[in-house]
Amino acid sequence: MREFIVEADGGSRGNPGPAGYGSVVKDAATGQTLAERAEYIGVATNNVAEYRGLLAGLRAAHELDPAAPVHVRMDSKLVIEQMSGRWKIKHPDMKPLAAEAARVYPPGQVTYEWIPREQNKHADRLANEAMDAGKRGEQWDPSASRAELDAVRAAAPAVPEPSGPPGDAAAGAARARAALAEGRAPKAQEEERAQERQQAEEKARERQQADAGGKAEADVRAARTTAATTATPATTATAATTATAATTATAATTATTATPSVSAPGWSSAPDLGAPATFVLLRHGETPLTPQKRFSGSGGTDPSLSDIGREQAERVAAALARRGTIQHIVSSPLARTRETAGIVAARLGLEVTVEDGLRETDFGAWEGLTFGEVRERYPDDLNAWLASPEAAPTGGGESFAETATRIAAARDKLVAAHAGRTVLLVTHVTPIKTLVRLALGAPPESLFRMELSAASLSVVAYYADGNASVRLLNDTAHLR
């Protein structure tokens with residue numbers, strides 16, 4: 001029977017600080033390297049990075065053969081003891097990662113062993129390569145993996161070092177790829193690596209000053225490229241009754257005008273804070289209830305997209321595909337968001353994760369009614385709801401205060417899981433408005449002063465110091 005060895009490691013330069021992980025899958029019989037994984041994950045602790053490395057290694061092994069026994073070797077005593085069941089997992093950031101790792105294989109198919117650090121150099125090197133790439137504002141490039149080159153060098157005779165100065169990291173990677181293509185292995189001495197890394201870090205600092213926040217702004221430009229010349233009505237009465245200052249523009253129809261420039265990011269995007277968790281917030285496309293301005297929450301009929309809504313989702317998907325910045329997609333569990341997310345995911349070639357905390361508010365007995373119908377049937381309850389975030393809709397609905405608590409918890413969970421990444425959140429009017437409100441520190445009544453059109457995009461970036469930066473579509477041509 002085939003058997004795998006997974007070696008994994010993670011590191012953080014600051015603990016917490018800029019972090020990355022590395023994982024390698026080997027054939028237990030031959031020692032041959034079968035797969036390598038590495039990723040810069042933004043600001044995190046050492047332990048979180050180690051767990052992320054474990055998870056990546058287990059997934060890589062599972063892709064090769066889900067039936068094969070796996071033996072995990074790591075120099076993290078904490079991860080080994082916790083995953084073996086001998087130590088309890090108390091830290092809230094590590095509990096979900098450990099649970100996710102335990103679900104990759106059936107119980108008993110994975111065994112764990114602690115090894116000294118010097119025996120885990122392969123995974124450690126991958127983790128450092130990922131962190132180096134992150135400092136340059138790049139993703140780890142498996143084709144230029146030092147670990148892979150060292151494995152080739154160990155199996156081949158040494159060759160003379162290429163002439164000329166070592167250059168920057170990009171030049172070193174190019175020489176490495178050329179050597180592999182010719183069937184040779186570079187000498188790749190540690191002295192040269194240190195020099196390349198130092199030069200790369202100097203260049204990275206310069207690029208970060210100029211390009212901080214670039215990914216989030218690219219997504220804003222994508223939204224503006226497809227912004228419509230007229231706004232689509234919001235589905236809930238919150239927008240229908242009081243929306244006067246729109247913070248986003250619809251992405252329902254194509255635009256032929258050139259994309260305006262986006263202003264520089266706010267102070268909280270300073271490069272020394274590390275790469276933020278950037279959430280591109282996409283409201284689902286239209287449903288049959290949208291043009292009628294009916295309350296449509298999580299307690300109603302759960303409608304699917306209309307033909308117009310599906311077309312809107314296709315147009316947003318095309319815009320995001322052109323930018324190429326989205327790394328993962330998270331959706332509310334409701335049908336209209338899952339359908340919108342599925343259309344975008346198919347275009348981008350990404351998977352969709354469902355997060356229950358992103359669902360719309362439950363509007364109780366008001367579900368399916370217009371604002372006028374609610375005022376006629378439940379005038380006192382409606383007035384109380386408009387006056388206080390603590391008031392709930394008639395019939396056991398969810399107050400805005402309860403919604404905010406739920407959404408804040410989902411936000412914290414997603415920020416921890418996607419530090420340093422750009423993630424598309426496909427959700428609803430109230431969750432998006434709430435995320436923007438919380439990021440701005442605005443009062444609850446601000447929910448009634450925002451308009452959010454179907455299939456529109458907003459962006460919020462969350463930084464390591466707890467601050468957030470909201471990207472607004474400051475294009476007055478789309479404000480009516």
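The model is predicted. The protein chain has 15 helices and 13 strands, and buried residues make up 51% of its 480 residues.

**Whole chain**
- Of the contacts with a separation of 6 or more, 76% are between residues 24 or more positions apart.
- The chain exposes about 21000 Å², and carbon and sulfur atoms supply 51% of that area.

- Strand β12 spans residues 457-462 and is mostly covered, with six of its six residues buried.
- In a regular strand, side chains alternate between the two faces of the sheet.
- Leu457, Val459 and Ala461 point one way from β12, while Ser458, Val460 and Tyr462 point the other way.
- Strand β7 (residues 277-283) runs antiparallel to β12 and is joined to β12 by six bridges; Tyr462 of β12 is the bridge partner of Ala277.
- Strand β13 (residues 468-471) also pairs with β12 in the antiparallel sense, over four bridges, and Ser469 of β13 stands opposite Ala461.
- A hairpin is formed by β12 and β13 with five residues between them, and Gly466 in the turn has a positive phi of about 95°.

**Helices α14 and α15**
- Helix α14 (residues 400-417) packs against helix α15 (residues 429-440) at an angle of about 75°, with the axes 10 Å apart.
- The two helices are therefore roughly perpendicular.
- On the α14 side the contact is made by Phe400, Thr403, Ala404, Ile407, Ala408 and Arg411; on the α15 side, by Thr430, Pro431, Thr434, Leu435, Arg437 and Leu438.
- These contact residues divide into seven nonpolar, three polar and two charged.

Key: Residues numbered from 1 in each chain as written. Predicted model: local features only at pLDDT ≥ 70, side-chain atom pairs only at ≥ 80, totals over all residues. Heavy atoms only, no water. Axes fitted to C-alpha atoms, helices over the stretch in contact; angles between N-to-C directions. Parallel < 35°, antiparallel > 145°, perpendicular 65-115°, else oblique. Contact = heavy atoms within 4.5 Å. Nonpolar A, V, L, I, M, F, W, Y, C, P; charged D, E, K, R; others polar. Buried < 20%, exposed > 50% of the residue type's maximum accessible area, 1.4 Å probe, protein only. Areas by Shrake-Rupley, 256 points an atom, 1.4 Å probe, with all protein chains shown as cover. Pairing = 2+ DSSP bridges.
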